[in-house]
Amino acid sequence: MFNYLRNAGFDKFVAECVRRISAASLQYGGLDPRHVSSFAVEVEGIMTSCASNLPSGTNHLTTNVTCAESVGREYLICFQCGKSFKTLKRHLREKHNMTPAQYRRRWGLQADYPIVTESYSRKRSRIAKEVGLGKGRK
Ligand SMILES: [Zn+2]
């Protein structure tokens with residue numbers, strides 16, 4: 001369905017989006033609490049139909065901003081809490097008591113879904129070279 005989210009994770013992903021959109025609309029958008037359930041159904045319908053109406057081969061575009069943005073060069077967004085980080089590994093362990101593998105499974109992410117941003121891993125490898133790691137020193 002998405003670049004990184006397989007179909008198995010899509011329902012969960014939609015449910016989470018609907019929950020967040022509804023909460024944000026209640027809090028900031030002036031949504032009447034009496035209409036929240038019909039609003040949620042509408043949002044879910046829109047998301048699901050957007051995803052299923054795309055011609056095959058362009059599925060990755062459905063990502064909607066949310067998933068595309070979850071992997072920025074400078075940050076990654078945690079699907080559990082929506083916050084952004086340079087590296088998710090420590091955050092997942094400390095805040096959600098999860099390993100990267102559990103996180104990927106929970107959200108239907110592929111095994112190569114990045115847990116560390118590109119810029120962060122580049123910086124780490126540069127530092128490692130500067131301090132002489134990987135030169136076979138003992
Ligand atoms: Zn989180």
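**Contacts, exposure and confidence in a predicted model**

Leaving aside residues up to four places away in sequence, Phe39 touches Ser22, Ser25 and Leu31, where a contact means that two C-beta atoms, placed from the backbone, lie within 7 Å. The structure is a predicted model, so to speak of local features a pLDDT of at least 70 is needed, side-chain atom pairs count only at pLDDT 80 or more, and totals for chains, interfaces and linings use all residues. Numbering starts from 1 along each chain as its sequence is written.

Phe39 itself sits in helix H2; helices here are DSSP runs of H or I with at least four residues, strands are runs of E with at least two, and both are numbered from the N terminus. With 19 other C-beta atoms within 10 Å, Phe39 comes out as partly exposed. On that scale, a residue with 20 or more other C-beta atoms within 10 Å of its own is buried, one with 12 or fewer is exposed, and anything in between is partly exposed, with C-beta atoms placed from the backbone. Phe39 also pairs up in space with Ile21: the two are 18 residues apart in sequence, and their C-alpha atoms are 9.5 Å apart.

Pro33 belongs to the loop between helix H1 (7-28) and helix H2 (36-53). It counts as exposed, because it has 8 C-beta neighbours inside 10 Å. Its C-alpha atom is separated by 9.6 Å from that of Ser22, 11 residues apart along the chain. Ser22 turns up again here, as one of the residues touched by Phe39.

Taken as a whole, the protein has 6 helices and 2 strands, which follow the pattern α-α-α-β-β-α-α-α along the sequence. Buried residues account for 14% of the 138 residues. As for contacts between residues at least 6 apart in sequence, 55% of them join residues at least 24 apart.

How confident is the predictor, on average? The mean pLDDT is 73, and 72% of the residues reach 70 or more; pLDDT is the predictor's confidence in each residue, on a scale from 0 to 100. By element, H4 has the highest mean pLDDT (93) and H3 the lowest (51). Residues 1-6 have pLDDT below 50, and this stretch makes 25 contacts in the model beyond near neighbours in sequence. Residues 55-65 are also below 50, with 13 contacts beyond near neighbours in sequence. Where pLDDT is low, the predicted coordinates should not be read in detail.

Tyr75 is placed in the loop between helix H3 (64-70) and strand E1 (76-77). Its 17 C-beta neighbours inside 10 Å make it partly exposed. Not counting residues up to four places away in sequence, Tyr75 touches Ser84, Phe85, Lys86 and Thr117. The C-alpha atoms of Tyr75 and Leu88 are separated by 9.2 Å, with the two residues 13 apart along the chain.

Next come helices H4 and H5. Asn97 lies in the loop between helix H4 (89-96) and helix H5 (100-106), and its phi is near 50°, a positive value in a residue other than glycine. With 8 other C-beta atoms within 10 Å, Asn97 is exposed. Pro100 lies in helix H5 and is partly exposed, having 17 other C-beta atoms within 10 Å. Setting aside residues up to four places away in sequence, Pro100 touches Lys89, Leu92 and Ile115. Pro100 and Arg90 are 10 residues apart in sequence and 9.3 Å apart from C-alpha to C-alpha.

That leaves helix H6. Of the 13 residues in H6, the number buried is 0, so the helix lies largely in the open. After H6 comes Gly132, with a positive phi near 90°.
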